[in-house]
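Please look through the sequence and the structure shown here, and then read the report that follows with both of them at hand.

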Amino acid sequence: ELQEADAAIITGPEGGFAQFERAMIRERQAEGIAIAKAAGKYKREASLTPEQVARARSRLAIGVSKSQVARELGVSRPTLYDALDGKGIYGGEEYGKVPGPRVVDLFCGCGGMSLGFGRAGYEVVAAVDNWKPALDVYRSNLKAPVLEFDLSDTDAAVSVLAPLAPDVIIEGPPCQDFSIAGNRDEDGGRAELPLAYADVVARLRPKAFVMENVPTAMQSDTYAEAFSRLREAGYGITTAVLDASRCGVPQARERCFTVGILGESDGVLAEELESHLAERRMTVRDYMGDALGTEFYFCMPRSYKRRGIFSVDEPAATIRGMNRPMPATYKRHPGDVADPSEARVLTEDERGYLQTFPKWFEWSGSKADVNQMIGNAVPINMARYVAEVLKARLNGVDVIGLTTPTFEVDAEAR
């Protein structure tokens with residue numbers, strides 16, 4: 001009902017009433033916390049130990065309710081839900097779930113960032129893009145209201161998004177104008193989108209924002225100007241280049257995340273973003289076991305000066321926005337880990353799995369569009385990693401819940 005109310009804010013004649021209902025709910029929550037604090041009975045519970053988490057999962061597996069498990073462990077249900085990484089409550093399906101920070105996802109594509117932040121306990125209240133094929137996939141898989149319009153019109157964007165009162169605005173704009181795999185044309189039309197995003201954030205003033213792009217984007221004049229505008233608006237900015245294979249993604253993929261927090265100083269999240277990375281890189285086998293059914297696979301290299309055959313015992317090559325069969329004339333590269341006869345091309349679903357999309361996620365559209373969506377997406381577990389670190393800072397608590405993910409768990413996570 002609350003999700004329908006969110007949609008009504010944007011599209012329906014009862015939008016004003018729905019917005020009033022949400023405000024009342026939040027007001028009651030705030031009032032309850034204030035009363036508890038005044039009585040000296042408000043405290044944050046410590047996170048569960050690994051042994052408690054294991055016991056909780058084993059009890060849930062045999063059909064014991066979450067409420068009963070929480071009572072057995074002597075903790076509140078929200079504490080139990082946090083320890084279970086939000087499994088089963090993404091999208092607000094669990095009765096009694098306290099909504100997390102409200103998120104608007106700009107340049108949402110097919111939903112990688114939305115899924116990552118949702119798994120971290122955020123409440124995605126709207127997703128915006130103007131590429132219809134990706135929005136069709138988003139709508140068919142995720143519950144957040146979808147808005148289709150051009151974000152370069154900042155006045156229109158602000159008027160539509162302001163009533164949603166987002167706590168956090170996230171975005172992963174097109175990277176082709178900055179990427180080494182693209183044209184690297186800063187004068188390209190898409191290169192201006194970060195400036196539009198900065199203006200929207202500066203005018204809406206959420207508590208925080210998250211931007212994702214290729215590392216080379218940070219060297220551009222466009223991003224320098226965007227960061228200048230955001231600092232003038234009062235945001236302290238932390239920029240970190242993260243390796244996806246150390247964020248729970250079985251893929252060699254470096255991406256730059258910029259996190260801004262209103263009223264904070266620059267670099268405030270630098271240590272946290274670095275200190276919780278996995279010590280070793282995740283391989284395909286680490287994540288998927290033998291689910292691919294092959295030891296070796298082919299990924300079309302950018303040029304034949306690079307290898308094209310990879311093993312499941314290493315992080316996957318960066319998943320790009322295209323997927324071509326192995327040419328009949330392909331000759332073994334010195335860096336290839338196997339003979340071409342032992343390798344096969346990955347399917348679209350398998351490429352999605354390497355971006356940590358779940359099994360239930362359904363792709364639709366032309367093959368070219370689907371491959372572009374997959375390659376453009378922010379890996380879900382990478383987005384979740386950043387989301388967890390940011391949420392801990394906003395809540396004034398230590399980072400918890402950064403367990404090592406597996407395909408078996410992620411495959412059904414909602």
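## Helix 9 beside helix 10

Where helix 9 and helix 10 touch, Pro194, Leu195, Ala198, Asp199 and Val201 in helix 9 are in contact with Thr222, Tyr223, Glu225, Ala226, Arg229 and Leu230 in helix 10. Sorted by class, the residues of this contact comprise seven nonpolar, one polar and three charged. The model discussed here is a predicted one.

The axis of helix 9 and that of helix 10, which spans residues 221-232, come within 9 Å and cross at roughly 5 degrees. Because angles under 35 degrees count as roughly parallel, helix 9 and helix 10 are described as roughly parallel to each other.

## Helix 9 beside helix 8

Helix 9 (residues 193-204) also has helix 8 (residues 154-161) beside it, and their axes come within 10 Å and cross at roughly 40 degrees. Helix 8 and helix 9 are therefore oblique to each other, and helix 8 passes helix 9 in a right-handed crossing.

On the side of helix 8, the residues in this contact are Thr154, Asp155, Ala157, Val158 and Leu161, while helix 9 brings Ala196, Asp199, Val200, Arg203 and Leu204. Taken by class, the contact of helix 8 with helix 9 has six nonpolar, one polar and three charged residues.

In soluble globular proteins, nonpolar side chains tend to be buried together. In this model, the largest nonpolar core has 37 residues, and those with the most contacts inside it are Tyr138, Val284, Met288, Tyr297, Phe357 and Trp363. At least two residues of this core come from each of strand 2 (123-129), helix 7 (132-141), helix 12 (284-288), helix 13 (348-354) and helix 14 (367-376). Helix 7 supplies the largest share of the core, namely four residues.

Phenylalanine 357, once its neighbours within four places in sequence are left aside, is in contact with Cys110, Gly112, Leu115, Gly352, Trp363, Ala377 and Ile380. There is also a second, separate core of 32 residues, and Leu106, Val128, Met211 and Tyr223 are among its members.

## A buried asparagine

Which helix holds asparagine 381? Asparagine 381 lies in helix 15, which covers residues 380-395. Asparagine 381 counts as buried because its relative accessibility is 4%, and buried means under 20%.

When its neighbours within four places in sequence are left aside, asparagine 381 is in contact with Arg119, Cys247, Gly248, Val249, Tyr287, Thr356, Pro405 and Asp410.

Key
Residues are numbered from 1 along each chain as its sequence is written. This is a predicted model: local features need pLDDT of at least 70, side-chain atom pairs count only at pLDDT 80 or more; totals for chains, interfaces and linings use all residues. Side-chain values use heavy atoms; hydrogens and water are left out. Axes are lines fitted to C-alpha atoms, for helices over the stretch in contact, and angles run from 0 to 180 degrees between N-to-C directions. Angles under 35 degrees count as roughly parallel, over 145 as roughly antiparallel, 65 to 115 as roughly perpendicular and the rest as oblique. A crossing is left-handed if the near helix is turned anticlockwise from the far one by less than a right angle, and right-handed if clockwise. Contact means heavy atoms within 4.5 Å. Ala, Val, Leu, Ile, Met, Phe, Trp, Tyr, Cys and Pro count as nonpolar, Asp, Glu, Lys and Arg as charged, and the others, Gly among them, as polar. Buried means under 20% relative accessible area, exposed over 50%, partly exposed in between (1.4 Å probe, protein chains only). A nonpolar core is a set of buried Ala, Val, Leu, Ile, Met, Phe, Trp, Tyr and Cys residues joined through side-chain atoms within 4.5 Å.
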